[in-house]
Each structure stands twice: as structure tokens, then as C-alpha cells.
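Please view the sequence and structure below before reading on.

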Amino acid sequence: MGRVIGIDLGTTNSCVAVVDGGKPVVIPNTGGYKTSPSMFAISQDGKRLVGHLAKRQAITNAKNTVYASKRLIGRRFESPELQKAIELFPYEIVEGPAGDARIVLADKVFSCSEIAGIILREMKRVAEEYLGEPVSEAVITVPAYFNDTQRQATKDAGKIAGLEVLRIINEPTAAALTYGLGSRQSEKIAVYDLGGGTFDISILELADGVVEVLATAGNTFLGGEDFDRRIVDYILEEFQAREGLDLTDDLMALQRLKDAAEKAKCDLSSLQVTEINLPFIANDASGARHLNMELTRETLEALVSDIVNQTMKSVEQCVADSGLAAEDIDHVVLVGGQTRTPMVQRAVSGFFGKPPNRGVNPDEVVATGAAIQGNLLVSGDRDLLLLDVTPLSLGIATFDGHFATLIQRNTTVPVRKSHIFTTTRDDQTAVKIRVLQGESEHAEENHLLGEFVLSDIPLAPKGTPEIDVAFDIDANGIVNVSARDVASGKEQSITVNTTGTLSEEEIQQIVSDSTGFELPGQA
Amino acid sequence: MHSNDGASDQRERIPRLAPGWEPQDVALTPVEGFLLSRMDGRTSWLALRQIGGVSPEQVDQFLERWVEAGAIEFVLKQAASPGGKAPAAPPPAIDPSLELPEELQQRILDYEARLDGSYHELLGVDRGADNEAIKRAYFALSKQFHPDRYFRKNIGPFGARLERLFKKMIEAYELLSDPATRSELERSMDAVPPDEAGTYRDTQRRREVIGAQEPAPPGGYRKPTPMENLARLRRRFRIPKKLVAERQFKARQLFQAAQVSAHQDRWIEASASMRLAIAFDPWNPEYKDGFGKIQAQVHGLRARALLDQAENAGSRVDAMRMLEEALGYRPMDPETNTRAARLALELGELDRAREYAETLVEIEPKVALHHVLLSRALRRSGRTVEAQQALDRAASIDPQAPEVKAERLKSSQRFRRR
């Protein structure tokens, strides 16, 4: 049997790792990079491009290049997050048949799972090339706040890529697993993950080789891209002040500015000052204009300090949720490229009173952990065990629009919980069970996973029938919800996890469509 | 202390009423009636010992007696699960063909046998163990029994077993690692016999009721009521909510049982259930209200039974006592008062006879007989003028009534004798 790869499917970059000879190895792609941009494009001549190739032509082909599609996966088209994304992204987003978001590239409509599948297929190809053998199984990571629909859409992406997804695990948990290898005594770990598009903080405990999540918090719209955007806005203002030219509506200029901003940000992680030099950024009556300016670390820190402060508020909340104090934390693990910024490191080490661990590259921690979990599953390793948890609370809607929680978030799986509900009208013969996921007390603010009706309840005065609603999550994270009328024994149930945004036929269709479109290897 | 190994097999079984045996044919105490009403053909002897209200010793005592009397029989195992949800597990056996060391299979089976024990036993920790020790125990057990340990291994029926074990372990860990629920559990261990303490045989039984909520299409959000706010505060401050909820759930079950019994005119059972419901959840006005209504019915029944008994009583004195007791339940019942008045006259207890007759006149002034009874009591006490007035009232209501005529005759004879 082939080996199980671990894939960190990131908002901006993806990374793949495998356990080889008992040790986790991050696999470089053909270009030698250990991470690949999570980007996909269809070039002007109709070629499909992925990763670095897609990124390189993104400037000139902005409309047909997808980035940050992880922000869209498994979300409903009308959700505020998605509407925000439509505003921000240069590519076209339309509504899919299931109310999901679809992306239009060169007049072809792609589902988000399909885009993610293309990126995953690329990671699979990188691993196969490195290992010299076919790969068919993977563990894929997702942010801790991903709900079941988003997780399922990610699983579908794996299927489209020709991978059997053994587990979807949380990114912070994976990061902790990386550091948990070989650890014996009890340790508390804080994982601070500031990636391209999202921020997560988790507190985990590692004891006797068991990893347990104590608390998680975060912000889904906060990350390195916000740093870039702040820099871009700053440059735009400066340029307008100096040259009297507004570049805000110039797509090409914007893409160049974005790239320059990202580069300047990275430079300022080691330098105090850097130069931004973009010749021929624009034209006007007086001829070609060039952008040339200096950016200091001080200016950058002034631009982003409120973003960093915002992350630290989540850190405080998360530590409080875990029932610990900052000084109880034994290790601080930084994840995500944005944590290379000195200001972030200063803020984190200041809060916890200790410098962060530096063992593993922050870009590679998560993929490494995913590979370790994959290996743990199939090798029967008895030294380490991951106790996975439900990321969000699960429950049902009650008649008054409230959310009745049956399984609290951060509950270890597998788990079974049940509650008795009853009717509110005399001789009510049917109840509708709406299965929701989320943390709001108001049902409509939570994410609907599925619904079903239990009917043929024998006639009885209100409040008399006993309807036993049970939530059952197995070790694979599959949620089964059943409702049983205790008196008549009649039962209805649904398996929630089978409802992604794509049907099984659609997935098969995509898989067969994309053969023959094999992507070219990296240059 | 209660476990008697010979009987423990029997206690796994599910008792039900033997066909043809009518509980109405025998006199049962309310406690027995209550226990009888719990036997629904689905609840095992063991579970009956758990339901509260009747002590486990009493349950054993009653059930053993009823088995002997042929009043109950045992349900066959298969019939125990109507939904076919939990078919009888195949006999646990070590299977060497599985990808699971036999020694480990044995350990899983051994552990499974402990699932019925207390949460402390489940994690293998002592009472008073601190959070750290509890967590260590839970982690150590997880490493042995977590289903991920056996991912893709051919472990046959042990797969389902492990999931069940693990879910139960999580439950124990959750309850014991919360100081509030742990201390409540330990307190409950002091309050009940040791082998009942901290024991919940079945997750299913640990359900709570979230009030009268209908899972229905979403309604609008409304401002939470004070009760809901209180519930939320309780959740937030972690008052031993699991136990409160458990008691409320039990109370609800009992309340519903009471309603069912009442519906079937089994008022004494209903009353026993309702009384217990109030004991479990004393602040629920619904229960108190329900209890009042049921009590009225129960009193009626008692009074009726006493009237019947009085009819066949060995002596008139006994009969009088029964009628008086019946009047305690239904002081304004005309029939009871009439019989009591007649009997009191027969016994020569004239003051009491007059009292009953006065009550009768008060309840139903338009009935001639009532005035006749009063007249008779007054006449025999020597209060002839008042007696004559009462008799006149009777005559004005119905002069042709035989009782009136007879009384008139008696009264005139007396005058003549004088």
C-alpha cells in the first residue's frame, strides 16, 4: 500500500509532506519550492496553469486567475463573507445550482471544490514525482473554524484530485502534532497561525502522547493579505500625493503594487528599510510615470499595528477559554508566513513571556503534522494519538428560533449525545428537525447542515410526546442525526456529512472531464 | 450489597404483566402500583431498580413476589428493542482471526463489562482524584481504546465495541473533569446505596428536556423570558446542570406517566407518579396543578370504595366510621351525607344525624327527603316545633312523597299518644 501524504491546503500557499523512513519530510516541487501558491489560471491561449506558473502570469491575466478560493469553498453565495469576496477579487464569481459560489474562468464555470481539487492534484503530482510511486491517500488540513459543509467540500476536492481523504484535521492540531513527536511529559502549546487570509489561535495540551485541543479562536478575514492591502493603500496615497495620479482603478498597476507590497513586507522582516521600485506604472499626458519610494519597518508597523492588536485580543480570549493563564503555556508555535514579521513575533512572545519555538518552518508545520497523522493512522503507531474535536457546536432549531446545542464545540469525537424534545401544539403529528452548526443562540445565524421531518407522531396533548433527538459523530467525523418518537418507536435520521455542495454525480463528471487536461509539470 | 449472583441473570431480563392477570383483582399499595406502571415491556429489572421512587430492595422484593404469584413474566430478548435499534449482541468471544491481539480483545471485553459501573470506576480513578489524575487516566485509556488505534484493521465486532466504549469514556471524562459535576456526583454517592451511586447505566436515560420546544421552521427571535435568562445564567455559572436537568427529566417522565395513568383512570398510580414528580422538581407549577386535579379524583375513588365497604360492613358502627371517612374526602356529597344521616338515626346518634341532615338541606334545599331527615332528627331530639317546621317545608316541596307521608303519620301518632 502506498504512503499517506499530508496536505496543507492554504488560502495563499499549499504544502505537501510525507513520513519517509520514520521522519516527516516536506516535499519540494520541481522548481525546488517547498510551498506552491494556491492559484489556478486559464491562460489566454487556453492552457491550464497551477501554482507558481499561475502566479507568474496573474498580473496580465487577472480576470482568469483564481487565488484565495479557500475563502469561497463551502460557503453560500448570499453569505456576507462571499459578498465581501466578490467585491475584493478580480475574477468573476457566480451563484451555483446548490446556492454555492462558482468561479468563471475563460467562460467555463468551476465549482470551488473543483479549483481546490486542481491544486490538490498538483500537490499529489509533486509527491508522486518525489516518491517515485503512486499516491492515493491523504490527510488534508482545514482551519479550525471550518464547518461541516466546508470540510465536506474539501473532501470532495480530494476526490476530484483522485485522493482518498482519510481525515480532515484542523490546522492547529496538525501543527501541534509536529511538535508532539517524541514528547512524553505534559505540555501546553499555543499555536498562533497568521496565514495569508486567516488567523487562528489554539491552545492544546500534549500529555503521554495524546494531543487534546483545549480552545480555539480566530478571525476568518484577517491575515497577510490585509498587511499587503495596507501597504498597497499606503503606496496609492503616497503616489497620488506626489504624482497627482490615482491608480485605484488600474487593475494591472494594482496587481504589480500587490506583488511589490508582498515583497517589501517580506524584506522588512529582516531589513529596516526597503525600496519599492515599479517603473512605467502608469501613463498620462506628460508621459510614463515611475513609482519609486522607500518603506521603513517603522512605517509598516504603524500601518498594521491594529491588525496585530486584533489578533492578540483573540489570543487573550482563547487563553481564557482554555482555563489557563499565559504563563502556563510551555510552548508557542508560530504557523503561517506572516508570523515572520518581527512585530508579530514581538507581540506573541511579549504576551506569553517566552520566545516562540523555531524548530520547524512556519510554512511547513501544518503539512508536516498532516503527514504525521496520516502515518499514525495506517502504521498503527502506538506512541502518539490525536484526540480530534468537533470544531463548532452542533444542535437543532427550536420552535422559537433558538438554537439548542446538543454537542458543544471542542467535544472529543467519537461522541453521542441525545436530548428529549416535545411538541408545542395539541395533536401535532410531525416535527421538523433542522440540524445546525455554529455558536449563535439564534438558529438562523448558524449554518444549516440539513433537515428532515419526523411524522406520524401519535395524537397527544402538547408537551406529551417524547422525541428523542440523538447526534452521533463517529471517528471519521461523520455526523448522524436521528429523531425517534419514544412512544411509537418511529424513527427518522440523516447522515449530515454526505451533503456537500456537489453531488456524487457532479464529482464523477468533473473527474472524467478533467482527464486529458493533465497539467504540465512545473518548469 | 444487593447483588446476589444467582438473581443477577434474572435482573438483566425485562418483566411484563402476564396475560390475563388483572392488577385490579388484587389490592396493591401505591408504591406497588407505581412500580407496576413502570413495567412497559421495555424496561429491564435492573433499570426498574434505577428509576427512583421505589428503592432497589423494594423492587426486588415486589418483583420476586409477583414472579412467584405468576403475575409477571419475562419478555424474550429480541422483543426488547422495538425499533430493532440495538439487536442483541452476539455472545462476546475472542476471535483469533481478527487483527487484534487476543490479549487486547480480552481487555476490551473486560472493560466493556465495567460500563455499567460508576464513572469513577470507568476511568479507574478514586473518589477525590484531582483533574490531573483524571486526565491522565482518560488519556491512558484513550491510547488503548480510541478507534483510530485500529484504523483499517480487521477487528470485526470490536469496532462497534470500541466506539461505544470510547463514547462512554468521554462522558465520564466530561462529567468528572468539571469540578461542579464531579462534586455533585460524589455527593450523590453519599446519598444512595454504594452500588447505585454515580451510576447511569445508559446514556439514553440521561436525557434532559429543554422545555416544550417544537423543532419547527424557524420563528422570529423573541426576547428571552426571565426563566430562559435564568437557565442561561445557570449554564454560564455551571451550577451542576447535568444533575438538575436529570432530575427535571425524571420529573417530566413521571409527570407524563401520571398523565397517561390519569387518562386510563388509574388515579392512584397517577397520584403516586405526580407526587414523585413534585419531589424531583418542586418548583414546577404545572406539577402542583396536576397533582391537585389528580388528588380530587383519587379522593373520589377512595370515597366510593368506602361507601361500598360500608354497605357490606360487619357492624353498623364500622359502617358509620367508613362513611365518616368517606365524608372526609367528599364532605359535600349528597349520597354519602344521606346514608350517614340515616345510619346515625339508626344508631341513635341524633346530634350527628342532625348535622348531616342540615348539610343536606344546605346542599340541596329542594329535596323533600332532606327536610324529612332533618325533621326526624329534630323530633327525636325533642325539638318538636322545629321538627314540625322542617316537615312542613318537606310537604310544601312534595306532599305526596312517601317519606313525607310516613313522617307525617309518625308525627301525628306521637301527638295522639301524648
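Contact means heavy atoms within 4.5 Å. By that rule, 49 residues of chain B are in contact with 68 residues of chain A. The model is predicted, so local features need pLDDT of at least 70 and side-chain atom pairs count only at pLDDT 80 or more, while totals for chains, interfaces and linings use all residues. Residues are numbered from 1 along each chain as its sequence is written, chains are lettered from A in the order in which they are written, and side-chain values use heavy atoms, without hydrogens and water.

The area buried between the two chains (accessible area, 1.4 Å probe, lost on putting them together, summed over both) is about 5,100 Å², and carbon and sulfur atoms give 49% of that area. The interface of chain B and chain A has six salt bridges, each a side-chain nitrogen of Lys or Arg within 4 Å of a carboxyl oxygen of Asp or Glu. One of them joins A:Glu205 and B:Lys135 at 2.4 Å, N to O.

Helix 7 of chain B gives the largest share, eight residues.

Helix 12 of chain B spans residues 267-280. Ten of its 14 residues are buried, that is, under 20% relative accessible area (1.4 Å probe, protein chains only). Among them are B:Trp267, B:Met274 and B:Ile278.

Notes. Helices (H or I, at least four residues) and strands (E, at least two) are DSSP runs, numbered from the N terminus. The expected span of a helix is 1.5 Å times one less than its number of residues. Buried means under 20% relative accessible area, exposed over 50%, partly exposed in between (1.4 Å probe, protein chains only).
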